[in-house]
Amino acid sequence: MTDLSLYRNIGIFAHVDAGKTTTTERILKLTGKIHKIGEVHDGETTTDFMDQERERGITIQSAATTCYWKDHRLNIIDTPGHVDFTIEVYRSLKVLDGGVGVFCGSGGVEPQSETNWRYANESEVARIIFVNKLDRIGADFLKVVGQVEKVLGANPLVMVLPIGTEDDFIGVVDLLTRKSHVWPDPGNPEKFEIGDVPEDMVDQVEEYREKLIETAVEQDDDLMESYLDGEEPSIDDIKRCIRKGTIALDFFPTYCGSAFKDKGIQLILDAVVDYLPNPTDVKPQPLTDDEGEPNGEFAVVDEKEPFRALAFKIMDDRFGALTFVRVYSGVLNKGDTILNSYTGKSERVGRMVEMHADDRNEIDRAQAGDIFAIVGMKNVQTGHTLCSTTHPCTLEPMIFPEPVISIAVSPKDKSSVEKMSIAIGKMVKEDPSFRVETDDDSGETILKGMGELHLDIKVDILNRTYGVDLEVGAPQVAYRETITAEIDDTYTHKKQSGGSGQFGKIDYRIKPGEPGTGYVFSSIVVGGNVPKEFFPAIEKGFKGMMEKGPIAGFPVLDVEIELYDGGFHAVDSSAVAFELAARGAYRQSMPKASPELIEPMMKVDVFTPDDHVGDVIGDLNRRRGMIKDQDTGTTGVRIKADVPLAEMFGYISTLRTMTSGRGQFSMEFSHYAQCPRSVSEAVVEAEKERQEAKKSKK
């Protein structure tokens, strides 16, 4: 049996270009997993193995690898930083016990850092912080520490201080041991010198060391008392307190260095081993009922418990379909039969593999705490629970965001139609934030995703990986409809044409719902005027109609429907009659409730050099943007704004032109907001023309 106290399941996450993948490469080199370091800018890294990742220098899908440090097994997942791929970060954090948050020494806390930090908070993942790129111009370790406190509302626990800054950055001082670690040779991370604290840093080191100890001993009342009496705790006691506080999310041990120049990575690995939790240290995963509500039971991390695991990622590669699995309890052996509690179907486990990016090692057994992959599973999707056939259960499911942008695609030749269909089926399994539907009228295939880059990558994968040449339409915004007025109404569905008739009468109230609530149905009928058994049919009737709004046929959001009275017939009333009554009521009343078109608003974060701030703000205003915040840094200005998605297509080329190629931006979905009348009219007109064009094609 493996000692779980020697396991660390960790993820590395950060904003685009903060150095996650480079940090992972250095970790793999130091732990002896790889012998030649690959660089992101050369397209040769281990965990970025897709063609699209290597060309663009970004991580698109999370990659898993396993390595060892000081007898501890580290299962590491390198996650993407780009906002279009946050789903990869979310589902990785869901199955990890700890994480390393990487921040750029000059960029600081950037927009995607905030999103990833929020996900990690929601998943209650313990973290250490690594402030990277301290050799860059404008890098300032303590400034980034201040941003972590202010922007993220977190409590960074400074563990090291940098020796020198920018070009003069040569190493760090470990506050616990009061020793300097200096790396004289940038190409050799294993060669470093341990010495005394530089004379000019002694006072600063003592000041921060005192803060460190004061924060740590708060975790132990006895130690705290001794410390207040003037007795300094031992380093082992301090480490024990830091570990306790880190796992409790009370603070986050904070380190610094330069991954590219091989400075400071050993201390990160030591911190992972010393302070991040092993699988038995974290709260056990709750089990849920069929509705996804916790049922009071837990998947306890123990080999003797029944087998329970979560499929958190599906990947199709040259060897076949891979299902990435995190085991929460029990043991799985090669050849075992397991149950997919979502589909109710059992499958036999053929091959099991331990992953190293796109390479693999065959294994025969996996136990609680392991992250590995099963080859050739059928009908398993992201978020499904895999469990023992004798102890069925469901783990807390994953929740995925709705896509906000779509494009129509069609193969250039008929021979590619089937090829495209098979390829898209595999891609939808791999990425739950990527959706596909077929337009019934035109027969077009509609791809839906989280942003332009997201869909651009998907089209590129279809083309190069699966050999499907596509014609791609212009991006379409996911408009929605809602109502702005409350209305009381009544509707009677009555049909008499020989034999048994149909009768259903409902009195109802339609009113605007709270933003983000979608569709809510309730009933306050008393006295049996509408029997309770018909309520589900009425709810289903209204819900089915919400797919097409009264203005332009877009789905309807944020509407509350309250049934308060009605009537029924002892013979002619049925579930079907009341469902039809609800459908008729929707058609009758929705146009009267002042319907409005609403559009997706994006949270946009733009970085620009100082001399282009006016141009960037002026351009965002022209795009109907609402400027929320401006933050001046050492190398430029960050501008935060809410901007309609419809106005953001092709923004990157405009920004680069305005800022002579130096501007950057990221955006993510924020909320839906009412369209101005002129925009609404133009969208409705365009939708009418599209529908007419479809009819003429038939």
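Visitor: Left-handed or right-handed: which is the β-α-β unit made by β32, helix α12 and β33?

Guide: In this predicted model, local features need pLDDT of at least 70 and side-chain atom pairs count only at pLDDT 80 or more, while totals for chains, interfaces and linings use all residues. Residues are numbered from 1 along each chain as its sequence is written, and side-chain values use heavy atoms, leaving out hydrogens and water. Helices (H or I, at least four residues) and strands (E, at least two) are DSSP runs, numbered from the N terminus. A crossover is right-handed if, with the strands pointing away from the viewer, the path from the first strand over the helix to the second runs clockwise; the unit made by β32, α12 and β33 is left-handed.

Visitor: In what order do the four strands of the open sheet with mixed pairing stand?

Guide: Two strands pair if DSSP finds at least two bridges between them. β32 (residues 519-523) runs parallel to β33, joined by five bridges, whereas β31 (residues 502-512) and β33 (residues 559-567) are antiparallel over eight bridges. The edge positions belong to β30 (487-495) and β32, each pairing on one side only. The order of the open sheet is therefore, with pairing as defined by at least two bridges, β30-β31-β33-β32.

Visitor: Which residue is the bridge partner of Lys-511 in β33?

Guide: Along the antiparallel pairing of β31 with β33, Ile-510 stands opposite Ile-561. For Lys-511, the bridge partner in β33 is Glu-560.

Visitor: At about what angle does α12 run to β32?

Guide: Axes are lines fitted to C-alpha atoms, for helices over the stretch in contact, and angles run from 0 to 180 degrees between N-to-C directions. Contact means heavy atoms within 4.5 Å. Helix α12 lies across β31, β32 and β33, and its angle to β32 is about 155°.

Visitor: About what angle does the direction of α13 make with that of β31?

Guide: Helix α13 (575-589) packs on the sheet and touches β30, β31 and β33. The angle between its direction and that of β31 is about 40°.

Visitor: Which residues of α12 are buried?

Guide: Buried means under 20% relative accessible area, exposed over 50%, and partly exposed in between (1.4 Å probe, protein chains only). The cover over the buried residues of α12 includes β31, β32, β33 and α13. An α-helix has 3.6 residues a turn, so residues three or four places apart point the same way. The buried residues of α12 are Phe-535, Ala-537, Ile-538, Gly-541, Phe-542 and Met-545.

Visitor: Does Asp-558 count as buried or exposed?

Guide: Asp-558 is placed in the loop between α12 and β33. Its phi is near 55°, a positive value in a residue other than glycine. Most residues other than glycine have a negative phi. Because its relative accessibility is 11%, Asp-558 counts as buried.

Visitor: What is the relative accessibility of Glu-124?

Guide: Glu-124 lies in the loop between α4 (111-122) and β5 (126-132), and its phi is also positive, near 55°. Glu-124 counts as partly exposed, because its relative accessibility is 45%.

Visitor: Which residue in β9 is the bridge partner of Gly-171?

Guide: Another open sheet has four strands in the order β7-β8-β9-β10, with antiparallel pairing. Its edge strands, β7 (160-163) and β10 (193-195), each pair on one side only. Strands β8 (residues 171-174) and β9 (residues 179-182) are antiparallel over four bridges. The partner of Gly-171 is Val-182.

Visitor: Which residues touch the most other members of the largest nonpolar core?

Guide: A nonpolar core is a set of buried Ala, Val, Leu, Ile, Met, Phe, Trp, Tyr and Cys residues joined through side-chain atoms within 4.5 Å. The largest has 73 residues, and its largest share, eight residues, comes from helix α9 (residues 265-275). Beyond four places in sequence, Tyr-255 touches residues including Phe-141, Met-159 and Leu-267. The residues touching the most other members are Met-159, Ile-242 and Tyr-255.

Visitor: What percentage of the accessible surface of the protein chain belongs to carbon and sulfur atoms?

Guide: The protein chain has 16 helices and 37 strands, and 54% of its 698 residues are buried. Accessible areas come from the Shrake-Rupley method with a 1.4 Å probe; for residues, only the protein chains shown count as cover. Of an accessible surface of about 30600 Å², the share of carbon and sulfur atoms is 48%.
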